[in-house]
Amino acid sequence: MRIGFFGGVREIGGNIILMESNGVGIVFDFGRRFPTSQVFFNDTIKGRPEKGFEDYVELGELPPFRGFYKNELSEEKSLPIEIGGLFFSHAHLDHIGQICYLSDSLKKYMTKGSFATLSYFVEKGIVECMPSNIEIVDGKTVQIGDFKITPYFIDHDVPGAVAYFVETPKGLVIYTGDIYFKGVKSELSNKFVEYAKSLRPYILITEGTRIGWNGIVSNTEPELKEQIKEVASVFKGLIIGNVYEIHLTRIQTFFNAASELGKKFIIHEDYASTLLKYGEFETIASEILNAPNTFVYAPFGSKLNIPKEKFVTKDELVSNQVNEILLLNFSHIPELIDIKPIEGSAYIMSGGEPLSSVDPLNTKILENWLSKFNLPLFRIHSPGHASETEILWMAKEINPEILLPIHTQIPERFKVVHANVQVLEKGILTEF
């Protein structure tokens, strides 16, 4: 059996993992790189259209997988491995964002939650296509070649996140995906660790996003809620929150804060769209959307299947700002022109875009808007990844024979808790 990392090596995001046995391979995740990790290409410099994917493969930006892409690579440029399927751990763009490159014939496995998130991204044009040949993997075990793959639900800051247990000819391999221990479903992550430990795995492929993030504190959602309420106790105008539209738990936190403060909870229609999609399998999403104090702001009309009495007009929103919490994402920040936040309003950044660490240009644009409308900025957020101590505890607790870090800038850090950490180089298949 061989394993190779073709993305997510010494960087956060862009995970692409290949496992191969007897000429048949399976792939886990196929994500975009963050702008700060891009080396050869970006929104300005793209591969030559006449070359298809070859420019990206030639420079190592895309893996040389045969039968994987819509436009087939030549045999001399591709690995002689038959890819039997691609498994997504969750639907963040750094794990699913390159899905439109994939062949229609390639089987793509994901959970209901990931499919709902992907549908939202397609609806908003963030992902350019709705891929075919998708199979929902909830509750299933899939056999491909020598591999038997089973998903295991964990907590993360997007619905439907899973780890994968892979039975192989050499023993059990576990891929953590991205994992979190401070969310409202933290019991899922803790049960995952307990179960993984009991199986005594051969290999653990683990994320390490927050390795090296010294001083970053993980707050629980109830703690974040109290911080939101504290801001609202000082600033008596409109409270505007910027939450990632697919972060259901954080939407719930703002809803809870608004409810406890006796305020209306007004959400831009983008948030209503994700609540509708997640409501098909997450009860809390429907409860938030149908709550008597929840209203939807769609200033230019909406095609969402929501009763008209749930929509709030611009005039209604503007006239009652002291009694409202509004979720407004960055892409709709120009709505401030019409809303005209009153004196004493405040803006809470809570995991929405832009991410200051990877998007400094848009962060500056956001700051300009807030300055223009005299809105003080508060950052009330907790990253949706395990802290450094939590991730090291997890690795030590599961205690595999071999530990392979991915999705981290400092893979060597795991050596403080495990004696057999192997750091794979990008694009190199290693025998295990």
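Select F6, F30, F65, F68 and Y69 first: ring pairs join these residues into a cluster. Rings of Phe, Tyr and Trp (its six-membered ring) pair if their centres lie within 6.5 Å; planes under 30 degrees apart count as stacked, over 60 as edge-to-face and the rest as tilted. By this rule, the structure holds 22 aromatic pairs.

The model is predicted, and local features need pLDDT of at least 70, side-chain atom pairs count only at pLDDT 80 or more, and totals for chains, interfaces and linings use all residues. Residues are numbered from 1 along each chain as its sequence is written, and side-chain values use heavy atoms, with hydrogens and water left out.

**Two tilted ring pairs**

Next, select Y56 and Y101. Their ring centres are 6.5 Å apart and their planes meet at 45°, so the pair is tilted. The pair connects distant parts of the chain, 45 residues apart: Y56 belongs to helix α1 (residues 54–58), and Y101 to the loop between α2 (93–96) and β5 (108–110). Helices (H or I, at least four residues) and strands (E, at least two) are DSSP runs, numbered from the N terminus. Y56 is buried, at 15% relative accessible area, whereas Y101 is partly exposed, at 27%. Buried means under 20% relative accessible area, exposed over 50%, and partly exposed in between (1.4 Å probe, protein chains only).

Move to Y152 and F192, a tilted aromatic pair with 5.9 Å centre to centre and 55° between the planes. Y152 lies in strand β8 (residues 147–153) and F192 in helix α4 (residues 186–199), 40 residues apart. Y152 is partly exposed, with a relative accessible area of 22%; F192 is buried, at 0%.

**The nonpolar cores**

The largest nonpolar core has 66 residues; select F30, F68, I99, F265 and I267, those with the most contacts inside it. Helix α6 (residues 248–260) supplies the largest share of this core, six residues. Such a core is a set of buried Ala, Val, Leu, Ile, Met, Phe, Trp, Tyr and Cys residues joined through side-chain atoms within 4.5 Å.

Centre the view on F265. Leaving aside residues up to four places away in sequence, the contacts of F265 include I251, F254, F255 and A258, as well as F295; contact means heavy atoms within 4.5 Å.

Now select F295. The charged end of K264 sits over its ring, 5.2 Å from the centre, and that of K310 also sits over the ring of F295, at 5.5 Å. The criterion is NZ of Lys or CZ of Arg within 6 Å of the ring centre and within 35 degrees of the ring normal.

**Helix α12**

Select residues 388–398, helix α12; its buried residues are E388, E390, I391, L392, M394, A395 and I398. What covers them includes α4, β11 (203–207) and β19 (402–406). Just after α12, N399 takes a positive phi of about 50°.

**An enclosed space**

Finally, select F6, G7, G8, E11, G14, I16, G31, R33, G60, E61, Q98 and K426, which line the largest cavity. On a 1 Å grid over the protein atoms alone, a cavity is a set of points where a 1.4 Å probe fits but cannot get out; lining residues have an atom within 4 Å of a point. The largest cavity holds about 50 Å³ of space.

Terms used:
1 Å grid on protein atoms, 1.4 Å probe; cavity = no way out; pocket = protein on both sides within 12 Å on 5 of 7 lines; lining within 4 Å. Points joined across faces, edges and corners; volume = space filled by probe spheres on them.
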